[in-house]
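Trainee: I would like to learn how to read disulfides and strands in a structural model. May we work through one together?

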Amino acid sequence: MLGSMKVSRVPICFLFFVFAVTGFQNLMLDPIRGTTVYFSKTAVSLCKVCSGVMRKCEESLLLEVDNPVWVDFTCPQPENVFRVDFIRKIECTTEACDDDIMQVDAVTYSCLDFHRRFIWNLKASLSKSVRVDFIQYGSGMRQIPPSENCPDMRTYTLKTGTVVVGKYCTKGFIHSAQILNEGSFSMDVPPLRRLQVDHFPISVGEEIKSLAKITLYLPHGTSTELLSPNYPESFPDDGEMEWYFELTGEQRAAIEFLDLTEPRCLKKETAAEYHSGGRRALERSLTETQPVQSQGDFSLILRNCEMDRRRNDSPGLSLKLKVSVPVVCRVDMKKFKGFSLQLEKLELSSKCEMTMNSVIMEKITVPSGDVSKLSFQNCHPGDITVTARRVIGCSQLEDCPKSVPLAVPSLPDCLPSDLDSVTWSLRPPPKGTVELTSLIGPLQQSLSGDLCDDSVITLTEDNGTMLGHFCPQGAITKVQIHESHVVVKVTRTEGQALISSAKSVFAARLKEGISERYIFTVTPKKDTSLLLATPGWPAGMASYATVSWIVSLPPKMKAHLEFISISQPKCENRHTNIRVQRFNSLEEDYSRREDEAADKISVYESFYLNMSNCMPERGDFSVITKLTIQKNQILIIVASVVAALVLLFIAVLVAVCFVIRKKKKKLSHMVSIYNPNGTSFQPGHNGFPKTREDNESHVYASIEDTLVYTHLLRKGAEMGIYTESGTYEPFAGQADSLPSKDANNMGTGQEIPLSAQQAPSLPNRPLSHSSALVDNVIYETQAHLEEDSAEMEARLEPEGATDGMQDFH
């Protein structure tokens, strides 16, 4: 957009320090086409400015050349004597203007030595005005008295003809200015001050009758001061000046005339006219109280008379006017149950003005459940403090609320300052307890010199005893105070906002009494360190007061307690005591009185830390305990040993099970047993059938072959199969190594099935079973054989197989 704008630039200057024969400075100017350069004196001096081929020297110099030109001076430091003006012209028709104002620092460092003034001469058409817009970087201009200077040392001046409309600085509420006929807009820049790139659009204005029309936009709660033209000199005869004020919403503007000087009038009278929304003009004399303007935009026209200037002491018209737009704020405390609101000025000398229901007050209190209309004029956030209060109490325990959230109220945005603090007064019944459970996370106690990041929570008893200051992000989750009214106050730290509005800080309960005066519930995190101070630290605890910290440790953690700051009194009655006792333990792990030195202690389980005061004769009882949470190394070592033993036990158990399983697998192989009636069974799978209950004495581990096959051998001998020289050789190998044809050729002709699994080894025979005695064994008497056969039948007879076993006889 800027590329399409018409730009009025400043000339480029080159200043050279030439040590010629004269010892004077030479300056080369290369002005931009259409720019006039004018050197004028600002101090009395014999120094002159010279130019041209003939080196003509004058008291001042006006250059209107389009080509570079040399300028020199008759003194070594001309910047202390001369000022340089750069002048351009901007003309407007009824439709448009031929240029804009664009400030560009297009001079070299040498030109910075001079005081410079950049002037844009403005000319309007006969029926229109010239409009200069000051909206730049989100702000406009503000008017200052002629004797003042701007903070950035860049001062702007607006003229209409020879009348000075005003002197201005940046960062104000003036958005535009329109001048009648001809005028100028200029900027003064002191030596060594560079320009900023500023753009002021020039356009065709409306048809006006006043010398100038200044347009302002005033936000609520602001004010500004304006000066009459030529201030403090007189406004021209019969002249008019117009200010147009743009307001929004329900804003109302108040006008006040200050430093008024009225002339003697020959014709007409001085007056102030107010025009608003097409309504009939309201006229007031300058000495009257000016009316508060109704809602909406309005114009103020200052009108001068034909002044009597025949006498020297006849004053002219000049005045300073102040326009204020107060903040109007409707506060409905019905929305905030039980809360009252207080607003107070911090400095009585402040220009801040507060009103409640149109009455000016230094301190305002809006009661609970009330609706009030407040207004603020020239009040900034640092001028007033805003606080909210609430009382919560009950006289009987059964009437107390079960739980009350202590929430920060969300106040209207129209208040000039944020909420600085919120206070809750908690009043339990006689012998009752105030219980506070943190809803913003665990808290930490803020000791002297420590600051919270955003808000400080203060707990105070009704007798003025300070329990302590607390900040978020700690380990204290609950606080209990017995038999006392408690004040909870949340205050924002400097430069920070209060805890988020409508956010609950605590859940408060008014409940039955407790055994201690104070109880703190602490839930620390692992690998952390925190400080626990006695209530009211650094002041001592009250006489006979007791306090307990209930400390719940995380799993596999230990607590290391160190009393880093301890103050013991000389007791008149009883003793002070510091005790440590684990949960579910009847014995104390640690106990110290005031006459005993306190040392460090480590606790490996959750515990109570109890402290009690005596009746001090002199001195105070106060303690700071440093609580450090660390990993329980002993527990880790024990756990490691137990884990190793468990692993070893599992390994041994696996090995034993493997061996047992292997043995069972070996014993479970099938073994073939001859049965004369054709019935076979597998001991490895089904077991031998039992005929006697709970008695295994009749079961044999092995049966000798001679006993089993005696009748076969006898029959074989009768049939001529065995000769006299044939002898029986006990088989010491495996059953499946026997040829199947030997089994098939036995006397009965029945096949003996062989298991595919390896059969158990047969037992070793005694020496009496040698080959020399085989015949005797086989051919014993029939009575002896029947006796043996009966004995074997008793040993091997299975259930349901009696007939089959008769073949052994």
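Trainee: Which handedness does the disulfide of Cys150 and Cys169 have?

Mentor: In general, a disulfide is a covalent bond between the sulfur atoms of two cysteines. Here the term is applied to a pair of cysteine sulfur atoms within 2.5 Å. Cys150 and Cys169 meet this rule with an S to S distance of 1.8 Å. The torsion about their S-S bond is about -90 degrees, so the disulfide is left-handed. This pair links distant parts of the chain, 19 residues apart: Cys150 lies in the loop between β12 (141-144) and β13 (155-160), and Cys169 in strand β14 (residues 163-170).

Trainee: On what kind of model and which conventions do these values rest?

Mentor: This is a predicted model, in which local features need pLDDT of at least 70 and side-chain atom pairs count only at pLDDT 80 or more, while totals for chains, interfaces and linings use all residues. Residues are numbered from 1 along each chain as its sequence is written, and side-chain values use heavy atoms, with hydrogens and water left out.

Trainee: What handedness does the link of Cys329 and Cys414 have?

Mentor: The link of Cys329 and Cys414 is right-handed, with 50 degrees about the S-S bond. The sulfur atoms of Cys329 and Cys414 are 1.8 Å apart. Cys329 belongs to strand β29 (residues 327-332), whereas Cys414 is in the loop between β36 (404-407) and β37 (421-427), 85 residues apart. Cys329 counts as buried because its relative accessibility is 0%. Cys414 has a relative accessible area of 23% and is therefore partly exposed.

Trainee: Let us turn to strands. Why is strand β11 described as largely enclosed by the rest of the structure?

Mentor: Helices (H or I, at least four residues) and strands (E, at least two) are DSSP runs, numbered from the N terminus. In strand β11 (residues 129-133), four of the five residues are buried, so the strand is largely enclosed by the rest of the structure.

Trainee: With which strands does β11 pair?

Mentor: Two strands pair if DSSP finds at least two bridges between them. β11 pairs in the antiparallel sense with strand β15 (residues 174-180) over five bridges. There, Ser176 is the bridge partner of Asp133. β11 also pairs in the antiparallel sense with strand β18 (residues 202-204), over three bridges. In β18, Val204 is the bridge partner of Val130.

Trainee: How many helices and strands does the protein have?

Mentor: There are seven helices and 55 strands. Of the 809 residues in the protein, 42% are buried. Contact means heavy atoms within 4.5 Å. Among contacts between residues at least 6 apart in sequence, 77% join residues at least 24 apart.

Conventions
Buried < 20%, exposed > 50% of the residue type's maximum accessible area, 1.4 Å probe, protein only.
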